[in-house]
Amino acid sequence: GAGVSQSPSNKVTEKGKDVELRCDPISGHTALYWYRQSLGQGLEFLIYFQGNSAPDKSGLPSDRFSAERTGGSVSTLTIQRTQQEDSAVYLCASSLESAYSPLHFGNGTRLTVT
Amino acid sequence: KNEVEQSPQNLTAQEGEFITINCSYSVGISALHWLQQHPGGGIVSLFMLSSGKKKHGRLIATINIQEKHSSLHITASHPRDSAVYICAVSKGATGNQFYFGTGTSLTVIP
C-alpha cells in the first residue's frame, strides 16, 4: 500500500523485556516522527528524523527509549526494560519535507506491558 | 498551560447540524493542522493551513493568524463524522516542532 505502515499492530510484553516497533514511511517522505498516545491523552512527541540530519530526540522520555532510521527510510523505535507506564499506542507519521507538508500517520502499535 | 487549546472537549450533535470546533494557540506557528481520529483507528490529516480558509467536501477550516485562532466546521453532519478531531500547530525553523491539542470528541446522533 501507499500509506505509512507500522508493525506489529499489537504487542504484549512482560515488564523488563525489550521491544522493537517498526515504521515504514511513505516512499520519498524525508520527515519521520514518532509519537505516543496514552489512553485518553493527547499525542506526545518522541523523536523526529529529517533526511540525513541529526534526529531531534528531545521528546524521548528516558534513556530506555531509542530510535534509528536506516537509509533514510524504515525506522525502528526500541524500548529497553519495558515498564507498565510504557503501555500506549505508538504512532509513526511521515511527511514529504517537514511540517510544511501534511502529516501521514500509520495505524500505530498498541503496546501493553504486563 | 497547553500551547494549543481546543473547545469543546466533547460535542454531541444531531445528524444534519452545523458543527464548529475551535482551536486557539499561543505560539508563533509555521502551519496549523486539523486531524481526525476514529475510535480504534488511525489518524488522518484533514487540513494543513497557514492562512485563510480551506474547504474539502463538507469540511471547512479557517485560520486567523492575528488572533491565533482556527475553526473547523462540519456542515450537514453525519454519524460517520463521529470521531476525535485534533488541532496541531507546527513551529520552528524547519517547522518540525509540533504541539497538539487534546482533541474534541464528536458524536453525531442519527
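Which residues have the most contacts inside the largest nonpolar core? The legends below start there. This is a predicted model, in which local features need pLDDT of at least 70, side-chain atom pairs count only at pLDDT 80 or more, and totals for chains, interfaces and linings use all residues. Residues are numbered from 1 along each chain as its sequence is written, chains are lettered from A and ligands numbered from 1 in the order in which they are written, and side-chain values use heavy atoms, with hydrogens and water left out.

**View 1. The largest nonpolar core has 22 residues.** I19(B), L32(B), W34(B), F47(B), L49(B), L72(B) and Y85(B) have the most contacts inside this core. A nonpolar core is a set of buried Ala, Val, Leu, Ile, Met, Phe, Trp, Tyr and Cys residues joined through side-chain atoms within 4.5 Å. Buried means under 20% relative accessible area, exposed means over 50%, and partly exposed lies in between (1.4 Å probe, protein chains only). Seven stretches of chain B each supply at least two residues of the core: β3 (19–25), β4 (31–37), β5 (43–49), β7 (59–64), β8 (69–74), β9 (83–91) and β11 (104–109). Strands are DSSP runs of E with at least two residues, helices are runs of H or I with at least four, and both are numbered from the N terminus. In soluble globular proteins, nonpolar side chains tend to be buried together.

**View 2. L32(B) and the residues it touches.** Contact means heavy atoms within 4.5 Å. Leave aside residues up to four places away in sequence, and L32(B) touches C23(B), Y25(B), F47(B), M48(B), L49(B), I63(B), S70(B), C87(B), A88(B) and V89(B). There is also a second, separate core of 20 residues, and F65(A), A67(A), I79(A) and V113(A) are among them.

**View 3. Five strands of chain B form an open sheet.** The order is β1-β3-β8-β7-β6, with antiparallel pairing. Two strands pair if DSSP finds at least two bridges between them. At the edges lie β1 (4–7) and β6 (52–56) of chain B, each pairing on one side only. From one strand to the next, the twist averages 15°. Axes here are lines fitted to C-alpha atoms, for helices over the stretch in contact, and angles run from 0 to 180 degrees between N-to-C directions. Six bridges join β7(B) and β8(B) in the antiparallel sense. T62(B) has S71(B) as its bridge partner in β8(B).

**View 4. Side chains alternate along β10 (residues 97–100) of chain B.** F98(B) and F100(B) point to one face and are buried. Strand β10(B) pairs with β9(B) in the antiparallel sense, over four bridges. Y99(B) is the bridge partner of V89(B).

**View 5. Four strands of chain A form an open sheet.** Their order is β1-β3-β7-β6, and the pairing is antiparallel. The edge strands, β1 (5–7) and β6 of chain A, each pair on one side only. Here the twist averages 15° from one strand to the next. Five bridges join β6(A) to β7(A), which run antiparallel. F65(A) has I79(A) as its bridge partner in β7(A).

**View 6. R64(A) and D86(A) form a salt bridge.** A salt bridge is a side-chain nitrogen of Lys or Arg within 4 Å of a carboxyl oxygen of Asp or Glu. In this pair the closest N and O atoms are 2.8 Å apart. R64(A) lies in the loop between β5 (43–50) and β6 (65–69) of chain A, and D86(A) lies in the loop between β7 (75–79) and β8 (88–95) of chain A, so the pair ties together parts that are 22 residues apart in sequence. Are these two residues buried or exposed? Both R64(A) and D86(A) are buried.

**View 7. Two further salt bridges in chain A.** E44(A) and R36(A) meet through their side chains at 3.1 Å, N to O. E44(A) is partly exposed at 29% relative accessibility, whereas R36(A) is buried at 8%. D24(A) pairs with R22(A), the closest N and O atoms being 3.8 Å apart. D24(A) is partly exposed at 27% relative accessibility. R22(A) is partly exposed too, at 39%. Over all chains, the structure holds five salt bridges.
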